[in-house]
Amino acid sequence: MKGILAILFIVFYSCKSKPVEQVEKVNVLFIGNSLTYYHDMPKMVEEMLNEKVLNYNVEQAAFPGMTLNSHLNNIIYKREGDNIFTIRKSEFEITETEKIISSRSWDLIIIQEAPDMLLSKELVNELVQSDIEKIRLLNPNKNCKYIFFNTWIPKVASYPIKSICLPKSDFDSVKFPVNKLNPDEKFCSEEVLNEKEHLRILNEALNQINLKQKMIISNHPNIHFNTRNKYLEIQLYDDDYHPSKTGSFLNACIFYKIIADKSPTRLNFNASLDEKTASLLKRIANSN
């Protein structure tokens with residue numbers, strides 16, 4: 001009996017004193033607007049990543065209608081449902097997104113720009129690129145990886161979409177103050193003739209960004225375009241642009257494959273979608 005007690009004591013003490021391996025959290029931040037936060041897509045990504053190993057913390061700075069420039073320059077002073085009201089910040093103010101970026105050492109930041117901001121090559125080079133660089137500077141982790149969330153073309157668009165020219169000061173009056181000598185200095189979008197041209201312009205804009213920023217560029221536009229043309233029964237959108245829960249789940253599956261470098265087909269998580277639809281979306285994300 002004494003021998004058994006001695007063995008139990010040794011086993012218990014050994015188990016109790018054995019150090020527990022601590023897995024460091026991987027901090028992931030999504031920055032975007034309603035195309036990101038609809039149906040809480042970042043939370044879906046977190047559940048997928050943590051299905052096997054609980055070491056991902058996924059947060060978001062995503063607000064309706066925001067461009068990257070407004071994330072960095074606009075103070076939210078009022079919220080009403082799915083609407084926000086903002087004002088340009090003063091010299092010493094800090095926006096909500098700036099606070100979130102600076103709040104911790106992010107290991108991965110996923111950036112989504114308002115799609116219309118990508119329809120002008122000059123606008124991408126002069127404003128979008130510099131806004132991405134400002135986000136990088138705010139992040140304490142200089143080894144952070146970055147992904148650009150390249151979104152889709154609208155479900156329904158009236159083509160051709162005519163070129164629109166707006167004063168540069170409309171986009172950022174600080175960086176582009178009204179020039180009395182040249183008040184007509186403007187950013188002009190490209191004319192978009194059809195869906196394939198729309199897709200081409202988006203992809204070219206992201207190639208511009210990739211050349212300078214060396215970011216991973218997601219393939220959402222092409223995946224969405226091919227899926228909605230091949231699988232007519234799948235409703236990817238709540239309206240002409242915003243993702244449905246099905247569309248958000250597909251987006252999350254695409255990000256899971258990029259981040260984890262694993263097939264989403266092995267996941268049990270299906271966001272309460274029917275098993276047939278969830279399985280198909282996982283296969284689509286994995287094959288692209």
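This is a predicted model: local features need pLDDT of at least 70, side-chain atom pairs count only at pLDDT 80 or more; totals for chains, interfaces and linings use all residues.
User: How many disulfides does a search of the whole structure find?
Analyst: Let's start with what to look for: a disulfide is a covalent bond between the sulfur atoms of two cysteines. In this model C165 and C188 are joined that way, with an S to S distance of 1.9 Å. The search of the whole structure comes up with 1 disulfide.

User: Which parts does the pair C165 and C188 tie together?
Analyst: The disulfide joins C165 to C188. C165 sits in strand 7 (residues 165-167) and C188 in strand 8 (residues 186-188), so the parts tied together are 23 residues apart in sequence, and they are strand 7 and strand 8.

User: Is C253 buried or exposed?
Analyst: Buried means under 20% relative accessible area. C253 has 0% relative accessibility, so C253 counts as buried.

User: Where does Q112 lie?
Analyst: Strand 5 covers 108-111 and helix 6 covers 121-138. Q112 is buried, with a relative accessible area of 0%. Its place is the loop between strand 5 and helix 6.

User: With which side chain does the side chain of Q112 make a polar contact?
Analyst: Leaving aside neighbours within four places in sequence, Q112 is in contact with several residues, including I31, G32, N33, F149 and T151. The polar contact, at 2.8 Å, runs from the side chain of Q112 to the side chain of N33.

How values were computed:
Residues are numbered from 1 along each chain as its sequence is written. Side-chain values use heavy atoms; hydrogens and water are left out. A disulfide is a pair of cysteine sulfur atoms within 2.5 Å. Helices (H or I, at least four residues) and strands (E, at least two) are DSSP runs, numbered from the N terminus. Buried means under 20% relative accessible area, exposed over 50%, partly exposed in between (1.4 Å probe, protein chains only). A polar contact is a pair of N or O atoms within 3.5 Å; within protein, one must be able to donate a hydrogen and the other to accept it, and residues adjacent in sequence count only if both atoms are side-chain atoms. Contact means heavy atoms within 4.5 Å.
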